[in-house]
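Here is a short briefing for a first look at this structure. Keep the sequence and the 3D view at hand while reading.

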Amino acid sequence: MTPPSNEAGQSANALDNLLTESRTFPPSAEFADKANAKADLAERAAADRDAFWAEQARRLSWTAEWDQVLDWSGAPFAKWFVGGKLNVAYNCVDRHVEDGHGEQVAIHWEGEPGDSRTITYADLKDEVSRTANALSSLGLVAGDRVAIYMPMVPEAIYSMLACARLGLTHSVVFAGFSAEALRSRIDDAEAKLVITTDGQYRRGKPAPLKAAVDEAVAQTPTIQKVLVVKRTDTEVEWTEGRDVWWHDVVADQSTEHTPESFDAEHPLFILYTSGTTGRPKGILHTSGGYLTQAAYTHHNVFDHKAGQDVYWCTADIGWVTGHSYIVYGPLANRATQVVYEGTPNTPNEGRHWEIVQKYKVSIYYTAPTLIRTFMKWGADIPAGYDLSSLRVLGSVGEPINPEAWMWYREHVGANRCPIVDTWWQTETGAIMIAPLPGVTACKPGSAMGPLPGIGAKVVDEAGVAVGKGGGGYLVLDQPWPAMLRGIWGDEERFRDTYWSRFADQGFYFAGDGAKYDDDGAIWLLGRVDDVMNVSGHRISTTEVESALVSHAKVAEAAVVGATDPTTGQGIVAFVILRGGVEAGDDVVKELRDHVAKEIGPIAKPRQIMVVPELPKTRSGKIMRRLLRDVAENRQIGDVTTLADSTVMDLISSGLNKGS
Ligand code: WT7
């Protein structure tokens, strides 16, 4: 069959270009020779999957060995390493100090304004212990939920690890999200504590952050304390009895703290992500299996070598990439890593390369949207820095177009670094599909194939695997250690969202379209549902629509993701205004700001078009496909299933008049 119609996805042309790509880049003999992962890894995994994952789990230090590797009897709810006990923070911090690596740098932290801090593993142990003691002193006990709403400061990482250490379940909320987004996440998880900062640096200037917490917490019944790190010296309002300064409650705590062991299935974190409905889903991850796969993939996909490499993942801890590939995977593997607080063009467009040069970064992991932005800024910018320390480059978040892949290879990697395109999701917890840099001959734009131990397939509508050259839906046909253990508080939605589409086969439906090329390599083609991907961030069309219709001037709204040369997709909204409201620039600006306030600036539509009608089927479903044709300036497709086939003429003629 042909690839499924890409509901939120790229134009047909872009996909055609992607699929004619035939260049391959095998690893150099030298790289292959020294690589962590050799070809036998896949053979071992195929021979005995459970034994393979047990072997991977031994990367960690357990206080009680498991009795069973996988219990899938309660599918789709998995239990991994049943009966095993461990402390996640101990694994990421203390054991490295006990092994004699206390003096090794864990984090080279680089603040946006140019301040920096060097944090060794011994320092990290002290800070995480202090933070854990402080959280206990605030009355939190294992099982409680803690919201973390912070910029990329070291205290954010201490907070996550302190939660892990105490068995508290953290819910990190991206600091670019609105007060309203924070409020709904706090309420859903019934968090007792929020950790935040007074303000955050954004493009060189301090912006308030605690103010949003104040607004959110005014309406949340469960929050008892707000713990505030001073970062920008921004003035804050203070609620006595509720608000506490980090420097008051953490600084004087003891650096001694004995980690308790928790069950392998103890909830480690909840992370909210957008689905096809307006309400974000709280994706639940647990401890032993999650950490096993985060560490396994970080070791093999990035070829990470402890004590030698300097690793840098440019994500924010507000996204899953920051959880698995800044905090848990790298620290479990005793990485020395760069953590950068700010934006890539502050104070200038060479900031990332200056950091690579300064710390001799050897592994660099970023997103296609940023690579395309670097392309726009020009190759002479990276050319002005010494990037010779780099040896592995990674990509994540959306399909990387071959052109961006080749640019990355040439202008960042000097044609010598393998590029690993890593496909995964908030739900999968860790990388699922990616090349092994010392084994796989990579193709520009392809994530290649499932990692050893992982089962992924492309299937047709009926759930039957397609052959080479065939397209369809991406499914995961085997449980995996870092898989989500559910949606917080909503078992039904969990079954329904991921497990009902291919219920007969028991496959996990990822929501992505994919295709095999003639060699059997997998090419991801974007989402097949109403989820947009803007700069590698998932935003649901319904969520933006709900935000728009919550404005008094809007009667109806429909949102689509239109192909965007830099951000992958851009948000385009079509709105019908209420009677008596005049269309114009003012109302468009007002609506864009309203969406930013409701969800966050990342959800601001690129474009809002005021229209008299929306195209709907007879059953009332909005035909986004047609709106996407308009948004992408294409010939409008088949309108025969519209309830009123003249609607598209009405929309187009109105737009041509420039309303
Ligand atoms: C969706 C998951 C995984 C961390 C960042 C995003 C898309 C992600 C790739 C890739 C093609 C990709 C998919 C997926 N996606 N990585 N390498 N190639 N598409 O996590 O917010 O949970 O989004 O991002 O569509 O379903 P997320």
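The model is predicted. A ligand sits among 22 surrounding residues. Helix H9 is mostly covered, and helices H12 and H13 pack at an angle of about 85°.

**Around the ligand**

- The closest residues to the ligand are Trp 423, Gln 425, Thr 426, Leu 524 and Arg 538.
- Strand S23 (508-516) gives the most to the shell, with three residues.
- At least two shell residues come from each of helix H13 (320-332), strand S20, strand S23 and strand S24 (522-527).
- By class, the shell holds eight nonpolar, nine polar and five charged residues.

**Annotated binding site**

- An unreviewed UniProt entry carries the annotation "binding site".
- Gly 397 lies in the loop between strand S19 (392-396) and helix H17 (402-412).
- Gly 397 is buried because 22 other C-beta atoms lie within 10 Å, and the cut-off is 20 or more.
- Leaving out residues up to four places away in sequence, Gly 397 touches Ala 367, Pro 368 and Gly 536.
- Trp 423 belongs to the loop between strand S20 (419-422) and strand S21 (456-459).
- Trp 423 is also buried, with 26 other C-beta atoms within 10 Å.
- Again leaving out residues up to four places away in sequence, Trp 423 touches Met 432, Ile 433, Ala 434, Ala 447 and Leu 524.

**Helix H9**

- H9 spans residues 179-189, and eight of its eleven residues are buried.
- Those buried residues are Ala 179, Ala 181, Leu 182, Arg 183, Arg 185, Ile 186, Asp 188 and Ala 189.
- The cover over them includes strands S6 (145-149), S7 (169-172), S8 (193-197), S14 (267-273) and S15 (281-286). Helix H10 (210-217) is also part of that cover.
- Glu 190 follows H9 and has a positive phi, near 50°.

**Helices H12 and H13**

- H12 covers residues 288-301, and its axis is 8 Å from that of H13. The angle of about 85° makes H12 roughly perpendicular to H13.
- H12 makes the contact through Leu 291, Ala 294, Ala 295, Thr 297 and His 298.
- H13 contributes Ser 324, Tyr 325, Tyr 328, Gly 329, Pro 330 and Ala 332.
- This contact has seven nonpolar, four polar and no charged residues.

**Cis peptide bonds**

- The bond from Ala 75 to Pro 76 is cis, with omega near 5°. Pro 76 is in the loop between strand S1 (68-71) and strand S2 (79-82).
- The bond from Thr 346 to Pro 347 is cis too, with omega near -5°. Pro 347 is in the loop between strand S17 (336-340) and helix H14 (351-359).

- Asp 303 has a positive phi, near 55°. Its loop runs between H12 and strand S16 (310-313).
- Asp 303 counts as buried because it has 23 C-beta neighbours inside 10 Å.
- Ser 535 has a positive phi, near 50°. Its loop runs between strand S25 (531-534) and strand S26 (537-540).
- Ser 535 counts as buried with 20 C-beta neighbours inside 10 Å.

Conventions:
Residues numbered from 1 in each chain as written. Predicted model: local features only at pLDDT ≥ 70, side-chain atom pairs only at ≥ 80, totals over all residues. Buried ≥ 20, exposed ≤ 12 C-beta atoms within 10 Å, placed from the backbone. Helix = DSSP H or I, 4+ residues; strand = E, 2+ residues; numbered from the N terminus. Contact = placed C-beta atoms within 7 Å. UniProt positions renumbered as here; feature names shortened; annotations may be inferred. Near = placed C-beta within 6 Å. Nonpolar A, V, L, I, M, F, W, Y, C, P; charged D, E, K, R; others polar. Axes fitted to C-alpha atoms, helices over the stretch in contact; angles between N-to-C directions. Parallel < 35°, antiparallel > 145°, perpendicular 65-115°, else oblique.
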